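Hello,

Here is the structure I promised to hand over. Please open it alongside this note.

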Amino acid sequence: MKSFKIIFTFVSLLLFGISNAQKVGIVDTEYILNKLPQYKESEARLNSQIDTWQSELQNLQSEYERKKSAFESEKVLLIGDQLKLREKEVMDLDKNIKTTTSLRFGVNGEITKLRTNLVVPFQDQIWGAVKTVFEKNGLGIVIDKSNTNVIIHQPRYDYTEKVLDVLLKGSKAADKKEKNSSKSKK
């Protein structure tokens with residue numbers, strides 16, 4: 001009788017645990033971002049800006065190298081204020097390069113701010129689509145595969161394409177509204 005109670009309790013707990021199991025979904029936000037044409041366009045603009053800044057920095061660097069080399073070769077001929085003035089000019093240019101590099105490419109630089117401004121609206125869109133899929137499919141947990149080390153999973157738990165479908169349907173609906181409003185203005 002005692003063993004029956006133990007077995008009954010164990011089976012009851014097991015059934016209760018199975019009935020309350022959370023349904024898990026996996027989403028790859030990096031994959032989704034790369035499938036969004038608007039994100040690719042924004043990223044191309046960002047990369048273009050980065051290239052422009054890198055070019056400016058290279059120009060400053062070559063000017064610095066040129067002035068430093070000229071200063072080193074003429075250093076013997078310069079005296080007094082001329083020496084101090086040329087040395088200050090080279091040091092100011094070096095300081096300008098370091099400041100520009102820090103302001104543009106540093107941890108809190110312009111590039112970080114631009115990248116954040118680029119990604120945040122798309123992350124908000126993805127979050128809304130994930131929430132829609134989450135509620136529609138009765139999921140208990142959603143894991144982002146691009147931010148978490150998911151070693152292996154069954155494809156049936158991957159909701160990436162469903163989230164992408166929600167996002168693309170939303171953008172197509174917005175495109176249709178935009179086309180209709182432009183037609184009505186004509």
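My findings follow, from the overall fold down to single residues.

**Overall**

Please keep in mind that this is a predicted model. The protein has six helices and two strands. Reading from the N terminus, the order is α-β-α-α-α-α-β-α. There are 186 residues, and 23% of them count as buried. I also looked at contacts between residues at least 6 apart in sequence. Of these, 78% join residues at least 24 apart.

**Helix 3 and helix 4**

Helix 3 covers residues 37-74. Helix 4 covers residues 80-105. The axes of the two come within 10 Å and cross at roughly 160 degrees. An angle over 145 degrees counts as roughly antiparallel, so helix 3 is roughly antiparallel to helix 4. Their crossing is left-handed. The contact between helix 3 and helix 4 draws on 12 nonpolar, five polar and 10 charged residues.

**Helix 3 and helix 5**

Helix 3 also packs with helix 5, which spans residues 110-136. Here the angle is about 175 degrees, and the axes are 10 Å apart. That angle makes helix 3 roughly antiparallel to helix 5. From helix 3, the contact uses Q38, Y39, S42, E43, L46, Q49, I50 and W53. From helix 5, it uses E110, I111, L114, R115, L118, V119 and F122. By class, this contact has nine nonpolar, three polar and three charged residues.

**R104**

Is R104 buried or exposed? R104 is buried, because its relative accessible area is 19% and the cut-off for buried is under 20%. This arginine lies in helix 4. Which side chain does the R104 side chain meet in a polar contact? The partner is the side chain of E56, at 2.9 Å. Leaving out residues up to four places away in sequence, R104 touches W53, E56, G109, E110 and I111. Of these, W53 is also listed on the helix 3 side of the contact with helix 5. E110 and I111 are listed on the helix 5 side.

**E30**

E30 sits in helix 2, residues 29-35. Its relative accessibility is 41%, so E30 counts as partly exposed. Now look across to N147. E30 and N147 are 117 residues apart along the chain. Their C-alpha atoms are separated by 8.6 Å.

Best wishes

Technical notes. Residues are numbered from 1 along each chain as its sequence is written. This is a predicted model: local features need pLDDT of at least 70, side-chain atom pairs count only at pLDDT 80 or more; totals for chains, interfaces and linings use all residues. Side-chain values use heavy atoms; hydrogens and water are left out. Helices (H or I, at least four residues) and strands (E, at least two) are DSSP runs, numbered from the N terminus. Buried means under 20% relative accessible area, exposed over 50%, partly exposed in between (1.4 Å probe, protein chains only). A polar contact is a pair of N or O atoms within 3.5 Å; within protein, one must be able to donate a hydrogen and the other to accept it, and residues adjacent in sequence count only if both atoms are side-chain atoms. Contact means heavy atoms within 4.5 Å. Axes are lines fitted to C-alpha atoms, for helices over the stretch in contact, and angles run from 0 to 180 degrees between N-to-C directions. Angles under 35 degrees count as roughly parallel, over 145 as roughly antiparallel, 65 to 115 as roughly perpendicular and the rest as oblique. A crossing is left-handed if the near helix is turned anticlockwise from the far one by less than a right angle, and right-handed if clockwise. Ala, Val, Leu, Ile, Met, Phe, Trp, Tyr, Cys and Pro count as nonpolar, Asp, Glu, Lys and Arg as charged, and the others, Gly among them, as polar.
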